[in-house]
Amino acid sequence: MYPFTSNQAIPPMDWEEYVSEIASDIVKEQSPKRLFQVRGKIYELLINCIPPEIVLKRLLFELLKKLDAELKHEVCPLDRLMTLIQYRTQDAPRTGKGWVVTVIPVAGRHSFSGSWRSFVVDNGLKEGDACIFELVKRTEMQVHVFRAGKRLSLLSEM
């Protein structure tokens, strides 16, 4: 583990794994018995000082990962709360690599949360590089990367 490397995966915290387990339980069975079990697990997280807002946001995040894209938008008005977006670079068809990011609206703007660091490292982004995010589907973006120091005419690229 130590010394750390730039591409080293950060393992999820215990409480995050526990919330993921709760989400799996919910998806597997919806019954009064399961509700009682899930409620007990959530109480356990609260007793261990995990803030309720964090628990519920993480639970929503985990549940949404288990649903297909169309159902996600029926279950929750994501554009008000947060949106999971798959983003890929221009060479994604060759590499098959994609990253999932959570887009959170804050004060009329949107910010990314999640795999951004992995995206930066995997694509060798450097200070001064520019990224243009093209929304190709409601939950998918194509990222166009323009490297610093290269003269480009954006009009000729379009």
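I began with the crossing of α1 and α2, which is left-handed. A crossing gets that name if the near helix is turned anticlockwise from the far one by less than a right angle, and it is right-handed if clockwise. I took helices as DSSP runs of H or I with at least four residues, numbered from the N terminus.

Before going on I noted that this is a predicted model, in which local features need pLDDT of at least 70, side-chain atom pairs count only at pLDDT 80 or more, and totals for chains, interfaces and linings use all residues. Residues are numbered from 1 along each chain as its sequence is written, and side-chain values use heavy atoms, with hydrogens and water left out.

The axes of α1 and α2 come within 10 Å and cross at roughly 170°. I read axes as lines fitted to C-alpha atoms, for helices over the stretch in contact, with angles from 0 to 180 degrees between N-to-C directions. The angle makes α1 roughly antiparallel to α2, a label for angles over 145 degrees.

Next I listed the contact, meaning heavy atoms within 4.5 Å. On α1, W15, Y18, V19, E21, I22, D25 and I26 take part, and on α2, R34, V38, K41, I42, E44 and L45 do.

Is K41 buried or exposed? I found K41 in helix α2, and at 18% relative accessibility K41 counts as buried. Buried means under 20% relative accessible area, exposed over 50%, and partly exposed in between (1.4 Å probe, protein chains only). Leaving aside neighbours within four places in sequence, K41 is in contact with Y18, E21, I22 and D25.

I then looked up the largest nonpolar core, which has 11 residues, among them W15, V38 and L59. Such a core is a set of buried Ala, Val, Leu, Ile, Met, Phe, Trp, Tyr and Cys residues joined through side-chain atoms within 4.5 Å. α1 (14-28), α2 (32-47) and α3 (52-65) each supply at least two residues of this core, and the largest share, 5 residues, comes from α1. I50 touches W15, L45 and V55, not counting residues up to four places away in sequence. A second, separate core of 5 residues includes F119, L125, V143 and V145.

My last entry is the loop between α2 and α3, where C49 lies. C49 has a positive phi of about 65° although it is not a glycine. Most residues other than glycine have a negative phi. C49 is exposed, with a relative accessible area of 68%.

Note on methods
Angles under 35 degrees count as roughly parallel, over 145 as roughly antiparallel, 65 to 115 as roughly perpendicular and the rest as oblique.
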